Amino acid sequence: MRYIYLLIILSLFSCNNERTLLLPEIQNAEITEVLDVSPAYIFYDETQPDSTLLNRKNLIITTNWLVNVDKRLTLEQAIPHIKFLQDKKRNAEMHKNEDAKNYFTCNDTSIGNLGFLEFTEINYAKKDTSNYWVGKNNIYKNNYLEIHFTDDKNAFIEGIVNNQIQPQLKFTYLLKTISQIVKEDSVTLVCNYNEELKFEDYISIKSKLSKIKSDKVKIDNIEFIY
């Protein structure tokens, strides 16, 4: 099965009601085509108790999944549905395809078409007192850096690399700071996202982080939402 998506704003019809989904925007996506896919949609819908509506009726378990999330949703609204979809595929017992992956669908403004961000191996965790201090122990022992994204413009780093405490900084300087750190040592980045972040901002951050190309940088596959 092959789907070719040409629309940036997806308009679907369900029960004779038109629904519009606004895709998050990125630039210079590394993935611009995915074959053998089926789609899911997480709509912004003010008529629902949590202002979200999940449509997964077209999903096929053996295919690559394209998850279309409205950019106006917050992580608090979107992540529960995303985790539900992940669990559905991971826990499938019949017709399971180990090579099938999951992608977020985005509007790549640099090419005027769609781009995709893979999130197959990402595990979302709610940060609380039971797991927070475990992470703290890792930070100060193993060159882990915790990056806290409070919004799309600000971040701060916790952790010690080369016996130096890392500073709070604007997001625009984050990649430069990481580049400076890894000149002398390797590092694992643990990402923490404010649950009030819009999905648009979340995707923008992930897109920028995906452009870090260094054997000395590993981005942990557990993402904490707080």
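The legends below describe close-up views of a predicted model.

**View 1. Asp108 and its surroundings.** D108 belongs to strand β7, which spans residues 102–108. Leaving aside residues up to four places away in sequence, D108 touches I26, Q27, N28, A29, N113, L114 and G115.

View 2. D108 is buried but forms no salt bridge. K211 is the nearest side chain of opposite charge, at 7.5 Å.

**View 3. Polar contacts from the D108 side chain to backbone nitrogens.** The side chain of D108 lies 2.8 Å from the backbone nitrogen of A29. A polar atom of the D108 side chain is also 3.2 Å from the backbone nitrogen of N28. N28 and A29 are among the residues that D108 touches.

**View 4. N28, a residue with positive phi.** N28 sits in the loop that runs between β3 (25–26) and β4 (37–44). Phi of N28 is near 55°, a positive value in a residue other than glycine. The relative accessible area of N28 is 49%, so this residue is partly exposed. The backbone nitrogen of N28 is the atom placed 3.2 Å from a polar atom of the D108 side chain.

**View 5. S51, in the loop between β4 and β5.** S51 is located in the loop between β4 and β5, the latter covering residues 52–55. Its phi is near 65°, which is positive in a residue other than glycine. S51 has a relative accessible area of 16% and is therefore buried.

Conventions
Residues numbered from 1 in each chain as written. Predicted model: local features only at pLDDT ≥ 70, side-chain atom pairs only at ≥ 80, totals over all residues. Heavy atoms only, no water. Helix = DSSP H or I, 4+ residues; strand = E, 2+ residues; numbered from the N terminus. Buried < 20%, exposed > 50% of the residue type's maximum accessible area, 1.4 Å probe, protein only. Lys, Arg positive; Asp, Glu negative; His and termini not counted. Salt bridge = Lys/Arg side-chain N within 4 Å of Asp/Glu carboxyl O. Polar contact = N/O pair within 3.5 Å; in protein donor to acceptor, adjacent residues only side chain to side chain. Contact = heavy atoms within 4.5 Å.
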